[in-house]
Amino acid sequence: MPAMKNIVILISGRGSNMQAIVETAQAEKWPVKIAAVISNRADAAGLDYAAAAGIPTAVVVSKDYPERAAFDAALQAEIDRYAPDLVVLAGFMRILTAPFVEHYAGRLMNIHPSLLPSFPGLATHQQALSFGVKVHGATVHFVTADLDHGPIVAQAAVPVLPDDTEHSLAERVLEQEHVIYPRAVRWFAEGRLKIEDGRVQLASQA
Ligand code: GRF
């Protein structure tokens, strides 16, 4: 049995990925403690779910910090109170500074709603529809200073259907996000992920 790992989850809104991770961790009895859920917005709906689940919550309001570096420093201080082994970005809508990213090198994960390296940035579903791609999806990756380009942990693909709207496509992708993100975090908790030459190796289960 590997040692218990501390996980801190960062959100900005709904928090459905956070919820999927919390629920799967409980259901599958992972060796983890969800130490805290932290939001950069006081009105993030996901905070209510976390609090109701008995998880400590905190808010570091990004609007209060005109300087990106000052916000990241405040956020880092809050996160580090929980001594995390892994920091999970779950719909956390902020670009992070290089010092922050480096501080959590190898222990900062993100989910992006596209098959990276296609469609980094915002409005990914709209981009997929505009390009007319036939396959779209989601990617879990380690975060590096290169936005939406870190080592890939897991991906899921979904078809793009002729009648899709941004909304219908987003829903189809989100369903897969809720499958691959908990799985990726579990792999990390089990100590099975290794980054080599910018690529993620998954060790087989002990
Ligand atoms: C997800 O689609 C995530 O990939 C994107 O923002 C959305 C967040 O959803 N970056 P939620 O807050 O996890 O429900």
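E28 and R186 form a salt bridge, with their closest N and O atoms 2.7 Å apart. A salt bridge here is a side-chain nitrogen of Lys or Arg within 4 Å of a carboxyl oxygen of Asp or Glu. This pair links distant parts of the chain. E28 lies in the loop between α1 (16-27) and β2 (32-39), while R186 sits in helix α6 (residues 166-189), 158 residues apart. Helices (H or I, at least four residues) and strands (E, at least two) are DSSP runs, numbered from the N terminus.

Before going on, note the ground rules. This is a predicted model, in which local features need pLDDT of at least 70 and side-chain atom pairs count only at pLDDT 80 or more, while totals for chains, interfaces and linings use all residues. Residues are numbered from 1 along each chain as its sequence is written, and side-chain values use heavy atoms, with hydrogens and water left out.

How buried or exposed are the two partners? E28 is partly exposed, at 40% relative accessible area. R186 is partly exposed too, at 26%. The scale is this: buried means under 20% relative accessible area, exposed over 50%, and partly exposed in between (1.4 Å probe, protein chains only).

R186 has a further partner. It forms a salt bridge with E190, where the closest N and O atoms are 2.7 Å apart. The pairing extends into a network of salt bridges that links E28, R186, E190 and R192. The structure holds seven salt bridges. Another of them joins R81 to E78, with the closest N and O atoms 2.9 Å apart. R81 counts as exposed, at 59% relative accessibility, whereas E78 is buried, at 15%.

Now look at the backbone. K29 has a positive phi of about 50°, although it is not a glycine. K29 is also exposed, with a relative accessible area of 66%. A83 has a positive phi as well, about 45°, and is not a glycine either. A83 is found in the loop between α3 (68-80) and β4 (86-89). P117 lies in the loop between β5 (108-112) and α5 (124-131).

Step back to the whole protein. It has six helices and nine strands. The C-alpha atoms fill a box of roughly 50 × 45 × 35 Å along the principal axes. What does the radius of gyration say? A compact globule of 206 residues would have a value near 17 Å, and the protein has 17 Å, which agrees. That radius is taken over C-alpha atoms, and the globule rule is 2.2 Å times the number of residues to the power 0.38.

Buried residues make up 48% of the 206 residues. Among contacts (heavy atoms within 4.5 Å) with a separation of 6 or more, 61% are between residues 24 or more positions apart.

Finally, the surface and its charge. The protein exposes about 10,200 Å², and carbon and sulfur atoms supply 53% of it. These areas come from the Shrake-Rupley method with a 1.4 Å probe. There are 17 positive and 22 negative charges, and their mean positions are 5 Å apart. Lys and Arg count as positive, Asp and Glu as negative; His and the chain ends are not counted. Each charge is placed at NZ of Lys, CZ of Arg, CG of Asp or CD of Glu.
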